[in-house]
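Subject: Structure handover and what was found in it

Dear colleague,

I am passing on the structure below, together with an account of what was found in it. Please read the account with the structure open beside it.

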Amino acid sequence: MPIRIALRQASRQITRRRLATELGRRYASTPSTFQWDDPLNSQSLFTDEELAVQETARSYCQEQLLPRVLDAYRNEHYHREILTEMGELGLLGPTIQGYGCAGVSSIASGLITREVERVDSGYRSGMSVQSSLVMGPIDEFGTKEQKDRWLEKLGQGKLVGCFGLTEPNHGSDPGSMETTAKPHPSKEGYYSLSGAKTWITNSPIADVLVVWAKLQETGKIKGFVIERDQCPAGTLETPPLKNKNGLRASITGMIQLDECPVPKENMFPDVEGLRGPFACLNSARYGIAWGVMGALEDAIARTRTYALERRQFKNNPIAKYQLVQKKLADACTDAAYGIQAAYQVGRLKDEGKIAPEMISMIKRQNCDRALINCRHLQEVFGGNAVSDEYHIGRHVANLFVTQTYEGQSDIHALILGRAITGLQAFV
Ligand SMILES: Cc1cc2nc3c(=O)[nH]c(=O)nc-3n(C[C@H](O)[C@H](O)[C@H](O)COP(=O)(O)OP(=O)(O)OC[C@H]3O[C@@H](n4cnc5c(N)ncnc54)[C@H](O)[C@@H]3O)c2cc1C
């Protein structure tokens, strides 16, 4: 059910109690019962609208994405149609007002990423890039013409976008980027972009590419929207990076620009320096903090089921053993804490009371804890952990990437360290 319809229903008729029942929750009637899959009762924090969005996203992900993920991961194949399906449901650019977007809260958008990543971090990455890193900057920094031109089609998944910041020689330090934009030597009203971006989600299939480059005239970083179908042959290449050992259900590639002509009106006019890319990344990092909790929650559920069924020593379920229980207790605790923290930051975000360091904190902590706990839970599966049909190994491989991209965890530690001490440790 599209989010817009779900929201209408939520405001008209769906009560919190009925939604709670639909979601299989028992809190509405027995609020004091401990639920292993929601230990701190986060469901009680969400509005009816947010619960309706969560239900829409969960149904889609479990019914439409989960059946595809093993094939996608094995064959390193991204199903392009997923973005169209997500667009039809209103899952893309969900916090944007207008342009056919759902215009929901930051909590609701977090709940969407959590449901998508419950299936696979790669699917969530493809969606996050489209929503936060492509639609986000167009909505925040774009001119009216730019918004009119791209936002609705991106929101419907008719166009695919990518976000090019990382370069082969500059990842954690994007300020040193080498990609340049200079006035085009022969085309009036155009810039000429040259340089290379790497590890770019969606780039091989992207119709519009948000690329950050240094303006040669000023040395300042500016953002450009490149339209693939407007680029002369040989000026834009986006070769895929194959044989990844994580995030295999997403598509990743390079962006190679060789004097690529880009109209001046495709530049974001008023944003300069790293503020532009960092603003988009903050929004995406916030989504990652929610998303990785979905992957961890899926790992917990699968591990619990496995541990209750698997029997060793005197025919006991391995769930009976203390070391297995400790792994589950650690993971459940970290998932519950992570959701509470993401929730708090989401509410502050919508109230305009957010500091970027808050996002660094939840991105780092939730990614680190999701990865560490999944690695421990993987042990519960013994040899079966090696089979992809148990899904746990896929989550572990994916979560390494989530801990690495959009600011590797140690870089976020340095951001926090700078805020705590007032001293810069990057250089
Ligand atoms: C699958 C995938 C998808 C991606 N998608 C995108 C995308 O869509 N768009 C995009 O722009 N980028 C994307 N990235 C790139 C990603 O953001 C970068 O890989 C990440 O920022 C790290 O940069 P790097 O790989 O160059 O590592 P480096 O910067 O070389 O860092 C390597 C290690 O050194 C550490 N390090 C670096 N500097 C310091 C320091 N000063 N102090 C202490 N430690 C330090 C880092 O913490 C890290 O552990 C993607 C990456 C992957 C793997």
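A crossing of two helices is called right-handed if the near helix is turned clockwise from the far one by less than a right angle, and left-handed if it is turned anticlockwise. In this model, which is a predicted one, H4 passes H6 in a right-handed crossing. The contact draws on Ile 82, Leu 83 and Met 86 from H4, and on Tyr 123, Gly 126, Met 127 and Gln 130 from H6. Sorted by class, the residues in this contact are 5 nonpolar and 2 polar, with no charged ones. As for the geometry, helix H4 (residues 81–89) and helix H6 (residues 121–141) pack at an angle of about 60°, and their axes lie 11 Å apart.

Turning to the protein as a whole, there are 12 helices and 9 strands. The C-alpha trace spans about 80 × 50 × 45 Å along its principal axes. Of the 427 residues, 49% count as buried, and among the contacts between residues at least 6 apart in sequence, 74% join residues that are at least 24 apart.

Helix H11 (residues 392–404) has 13 residues, which at 1.5 Å a residue should span 18 Å, and the distance of 19 Å between its end C-alpha atoms agrees with this. The buried residues of H11 are Ile 392, Arg 394, His 395, Val 396, Asn 398, Leu 399, Val 401, Thr 402 and Gln 403. These buried residues pack against H6, and also against helix H3 (48–75), helix H8 (275–309), helix H10 (356–380) and helix H12 (409–421). Just after H11, Glu 406 takes a positive phi of about 55°.

Is Gly 253 buried or exposed? Gly 253 has 22 C-beta neighbours inside 10 Å, and a residue is taken as buried at 20 or more, so Gly 253 counts as buried. Leaving aside residues up to four places away in sequence, Gly 253 touches Ile 200, Ser 203, Pro 204, Thr 238, Pro 239, Pro 240 and Leu 241. Thr 218, by contrast, is 35 residues from Gly 253 along the chain, and the C-alpha atoms of the two are separated by 29 Å.

Terms used: Residues are numbered from 1 along each chain as its sequence is written. This is a predicted model: local features need pLDDT of at least 70, side-chain atom pairs count only at pLDDT 80 or more; totals for chains, interfaces and linings use all residues. Axes are lines fitted to C-alpha atoms, for helices over the stretch in contact, and angles run from 0 to 180 degrees between N-to-C directions. Helices (H or I, at least four residues) and strands (E, at least two) are DSSP runs, numbered from the N terminus. Two residues are in contact if their C-beta atoms, placed from the backbone, lie within 7 Å. Ala, Val, Leu, Ile, Met, Phe, Trp, Tyr, Cys and Pro count as nonpolar, Asp, Glu, Lys and Arg as charged, and the others, Gly among them, as polar. A residue is buried if 20 or more other C-beta atoms lie within 10 Å of its own, exposed if 12 or fewer, and partly exposed in between; C-beta atoms are placed from the backbone. The expected span of a helix is 1.5 Å times one less than its number of residues.
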